[in-house]
Amino acid sequence: MKNNSLLGVFLLCCLTGVALAAEVSGKRLAAADGEPGNWLAHGRNYGEERYSPLRAINVDTVDKLGLAWSFKYPLDRVVEATPIVVDGVLYTTGAYSMVFALDARTGQLLWDYDPQVWRGYQGRGCCDAANRGVAVWGDKVYVGVYDGRLEALDSKTGELVWSVNTLIDAERNYTISGAPRVVNGKVIIGNGGAEFGVRGYITAYDAETGKQAWRFFTVPGDPAAGDESETITMIRKTWFGDQYWKQGGGGTVWDSMAYDPTLNLLYIGVGNGSLWNYKLRSQARGDNLFVSSIVALNPDTGKYVWHYQTTPGDAWDFTATQHIIVTTLDIDGKPRRVVMQAPKNGFFYVLDAATGEFVSAGKFGEVTWAKGIDPQTGRPILDREAADYWTDSDPKTVFPGSQGAHNWPPMSFNPQTGLVYIPQQVTMEYFVPLESPSTVQTGVPNLGLEIPIVPETLEGIEELAQVYRGNLVAWDPVRQEARWKQPYEHIHNSGTLSTAGNLVFQGTADGRVVAYAADSGKRLWERSVSSGVVAGPMTYAVDGEQYLAFNVGWGGAFPITFGALAYRTGVVPDSRLYVFKLGGKAPMPPVRRRELQPPSPPPVTADAAALAEGKSLYNNHCGVCHGLSALGSDIIPDLRYLAPRQHEEFLPIVFGARSHKGMPPFGAILEPAQVEQVHQYIISRSHDWRQELLKRSTQREQATR
Ligand code: CA
């Protein structure tokens, strides 16, 4: 009876084109597959499969896709959000946690909301002023704000309803980039900051009032303050020394969550240890729970149920914060409810959703840190020779690197093909341990390791770029093997979407949006867009017409920190939401690519010693945002390309003249003489680069003669 009346309402809406004005509820979310036109939650359904049953756009029609409309964001910065569509309204976010509500048919702006994040707060985070989207529940829209607020907005007007500060310590470098999730009337949000020294936790708030319901800490804190729960007492036994709690311990829950309504379990992905250096963090002893783990919680109480640790005693930034999918797989001839994840460490995991029992694992990326996963215990078999940099303070090159074999761009699971579509990548890192930890400071990364080294010459960059490659991998989670792959020249490509139209969609770092056949991997459709794409694409329908949405706007840790490689994509910051439909006729926005020759810099006046000092200061204080070794991708200004006036105003800018635009003030950290050393180093790098480009073009000319 109930089903019939629901069907009636659904049919009425489809036939008349009247938007269903019902509010988003737990019941609606749990039955999300029954209303394919909507995309009600971050990963579409609670299991976060990112699979759409819509099939109007399919392998036979996909070549008729054209632009329906596009929306230009006010800031040309990173866009990581998956939009949510509820009954004809699309909700999305841009940089600095700005929220936008648009008419899903036309792209017309209905309202926007700017939480007014102080731009200088950018320096508190590792990975750009990113936001991965909102949650919608009842008559409200929820956004996690970069500076640690969680806010509820009126879904009709965008007016602020309530705002809470989720941070336990305003002095520590906490940020929020993840999308909140709503379960049983509670809004749940974690945070980031483990590269700077923080203690991870996740908090649930009453969706109506914002009142705190529960908080779950993922790592133990100061023992003198007492353990918050029996769970903390249990996990403290896996930590050693006193640095772990002084340095924060890490374990931030900065992205993934999924929920199983039948089991009533909330799954959270827990990040890396802080410090990264296992010896400095925990005397190289113990598993350091719940670092790099998937933890199952009761969403009503925040109580621990089970955990599975992907990387015990993590020493390489191998977060388990990557996308979690909850679904049913046919295993040994029986349907089994499972949790799936492809974390940074390069192994694809299938776990029992009810118990956390290890089902299977397979290597989906380039891996040197472990020889495999022990099928009996589910623990990795560490390759000490290859990966242990701490015992003898012996630097090591390890695959994957801190960018991971898969990072946050979400994967998708297509129940028709039985395949998971992973934005996979090959990365590596040279880990050089420090002898002792530094103290936690505002906006200063604190890894217990040297800041990662990047090549400084064109030749070195091209060599490393042969290693850093991306792939779209279609993974069979039952057999734990790849079915097909599509290679990319760059890493840091977008999340994926798969549909009942036998399609997989993905955007690329070099500014393309692409469709593949889900079963064969054949490339079927492609368009160039205004910038690099990292966000997960999504699809929806209004008035019976299917739309396909790509959030475009490059950024994140790789483009800003590893500009040495990322500049090669050639994309510029130009952030837009592109929405396609069959027969769409809207004109495509212009596509620009980057000019490589920097303007003529002033002469270098410093000696070699001052330049060396400038380099060290630069890499410690500037490199995370402007690119290590002054090699940027220009998402955040590439300082080798400063205009003459900016060179003249260098000191005032560093001391805060542009804090309103996102440049944190360094007056309390650097002396004017040190700023001059940094400036001289940047000027020298600009000269180096001009010469290298000149050399390359001369070589090319000679070769073509
Ligand atoms: Ca990390």
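**Close-up views of a predicted model**

**View A. Helix 13 and its neighbours.** The buried residues of helix 13 pack against helix 12 (644-648) and helix 14. Helix 13 spans residues 650-657, and its buried residues are Phe-650, Ile-653, Val-654 and Gly-656. Buried here means under 20% relative accessible area, with exposed being over 50% and partly exposed in between (1.4 Å probe, protein chains only). Helices (H or I, at least four residues) and strands (E, at least two) are DSSP runs numbered from the N terminus. This is a predicted model, in which local features need pLDDT of at least 70 and side-chain atom pairs count only at pLDDT 80 or more, while totals for chains, interfaces and linings use all residues. Residues are numbered from 1 along each chain as its sequence is written, and side-chain values use heavy atoms, leaving out hydrogens and water.

**View B. Helix 7 crossing helix 14.** Here the axes of helix 7 (residues 458-465) and helix 14 (residues 672-704) come within 10 Å and cross at roughly 75°. That makes helix 7 roughly perpendicular to helix 14, a label that covers angles of 65 to 115 degrees. The axes are lines fitted to C-alpha atoms over the stretch in contact, with angles from 0 to 180 degrees between N-to-C directions. Look for Leu-458, Glu-459, Ile-461 and Glu-462 on helix 7, which meet Trp-689, Glu-692, Leu-693 and Arg-696 of helix 14; contact means heavy atoms within 4.5 Å.

**View C. The calcium ion.** The protein donors are Glu-195 (OE), Glu-195 (OE), Asn-272 (OD1) and Asp-317 (OD), lying 2.3 to 2.8 Å from the calcium ion. Donors are N, O and S atoms within 2.8 Å of the metal (3.2 Å for Na, K and Ca); water is not among the atoms, so sites may look incomplete. Along the sequence, the donor residues follow the spacing E-x76-N-x44-D.

**View D. Asn-471 in strand 31.** You will find Asn-471 in strand 31 (residues 469-476). Asn-471 is buried, with a relative accessible area of 13%. Leaving aside residues up to four places away in sequence, Asn-471 touches Ile-422, Pro-423, Gln-424, Lys-485, Gln-486, Pro-487 and Tyr-488.

Notes. Angles under 35 degrees count as roughly parallel, over 145 as roughly antiparallel, 65 to 115 as roughly perpendicular and the rest as oblique.
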